[in-house]
Amino acid sequence: MIELINIKKGFEDREILRDVSATMESGKVNLIIGASGSGKTVMMKCMVGLMEVDSGHIAYDKKNFTEMDTHQRKELRKQIGMLFQSSALFDSMTVEQNVMFPMDMFSMGTLKEKRQRVMECLDRVNLKDAAKKLPAEISGGMKKRVGIARAIVLKPKYLFCDEPNSGLDPQTSLVIDQLIKELTHENNMTTVINTHDMNTVMESGDHIVYMYQGQKQWEGSNKDIIFSKDQQLNDFIFASEFLREAKEMRQMEIFQHKDWRDQLKK
Ligand SMILES: Nc1ncnc2c1ncn2[C@@H]1O[C@H](COP(=O)(O)OP(=O)(O)OP(=O)(O)O)[C@@H](O)[C@H]1O
């Protein structure tokens, strides 16, 4: 679990994050959503320590990250996996070498042990056959899967993903979403995703934080979104006539199914 407690962050005289408190729950896919410029990336950078908060604090499983010294932060970072928007693979390294990189950096185990773990991860993302290929020889979706394998190779407790679906077609996006969701649940990770993808919101949003002009406007699950009366959230999520109709149909479906109604009460 990652908690943000009364976070404030600004640049010069501009306030970007305005007293944000939110919880990223463990074993869940936590999404940060909101319009461009609402402060999602700044919030994520504060969470991983790429930016310092002006006030408030961030806690990882009740440990105050904001007050940790460099050594403590370095130790915590070993438990953090990151998937970058561009996949950020090293062009001159093979798929296998890219995935091994974090293990080499933290010099974990013998070469044989490292290779075994890398192959386990490549197998998990269905890329064992591509181990010897270079990034230039594989598709964008495959690169994302290499990025996921690299992000999980050290068995992180926390996984951060910045726009994991950017540049991918809808079907490949679904595969990536499903993979991240499965890995999160299998390994009980606290996964935090910054996304604009409404499909991800509806399919993977175990827990969603909606940012509006630097403030947390709403927090809940993808099921709660269907019944939310928050005007700003509704305008953002169900922006088109098509999506508004889809929402009404889903609401009717839920009302008609006892199982769904019961789930909603949980
Ligand atoms: N290093 C910085 N210095 C000054 N201003 C910054 C800096 N980083 C971000 N900002 C400003 O903070 C605001 C929020 O930016 P942020 O990148 O968090 O938005 P976002 O919600 O992630 O947007 P998008 O969805 O477009 O990525 C923007 O107005 C941006 O210009």
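**A walk through the model**

Q: Which residues are around the ligand?
A: The residues around the ligand are Phe11, Ile16, Gly34, Ser36, Gly37, Ser38, Gly39, Lys40, Thr41 and Val42, where a residue is near a molecule if its C-beta atom, placed from the backbone, lies within 6 Å of it. This is a predicted model, in which local features need pLDDT of at least 70 and side-chain atom pairs count only at pLDDT 80 or more, while totals for chains, interfaces and linings use all residues. Residues are numbered from 1 along each chain as its sequence is written.

Q: Which element gives the largest share of that shell?
A: Helix H1, residues 40-48, gives the largest share, with 3 residues; helices (H or I, at least four residues) and strands (E, at least two) are DSSP runs, numbered from the N terminus.

Q: And how does the shell split by class?
A: The shell around the ligand has 3 nonpolar, 6 polar and 1 charged residues, with Ala, Val, Leu, Ile, Met, Phe, Trp, Tyr, Cys and Pro counted as nonpolar, Asp, Glu, Lys and Arg as charged, and the others, Gly among them, as polar.

Q: Changing topic, what order do the strands take in the open sheet?
A: The 4 strands of this open sheet follow the order E2-E1-E4-E5, with antiparallel pairing; two strands pair if DSSP finds at least two bridges between them. Strand E2 (14-24) and strand E5 (63-64) stand at the edges with a single partner strand each, so one side of each has no neighbour in the sheet.

Q: How many bridges join E4 to E5?
A: Strand E4 (residues 55-60) is joined to E5 by 2 bridges, and the two run antiparallel. Alanine 59 stands opposite asparagine 64 in E5.

Q: What about aspartate 19, where does it lie?
A: Aspartate 19 lies in strand E2, and although it is not a glycine, it has a positive phi of about 55°. Most residues other than glycine have a negative phi. Aspartate 19 counts as partly exposed because it has 14 C-beta neighbours inside 10 Å; a residue is buried if 20 or more other C-beta atoms, placed from the backbone, lie within 10 Å of its own, exposed if 12 or fewer, and partly exposed in between.

Q: Which residues touch the most other members in the largest nonpolar core?
A: Of its 59 residues, Met43, Val99, Cys121, Leu122 and Ala149 touch the most other members; a nonpolar core is a set of buried Ala, Val, Leu, Ile, Met, Phe, Trp, Tyr and Cys residues joined through C-beta atoms within 7 Å. Helix H5 (residues 140-152) gives the most to this core, with 5 residues.

Q: How many residues of each domain are in contact?
A: 11 residues of domain 1 are in contact with 9 residues of domain 2, contact being C-beta atoms, placed from the backbone, within 7 Å. On the domain 1 side, the elements that give two or more residues are helix H7 (198-204), strand E9 (207-212) and strand E10 (215-220). By class, that side has 8 nonpolar, 3 polar and no charged residues.

Conventions
Contact = placed C-beta atoms within 7 Å.
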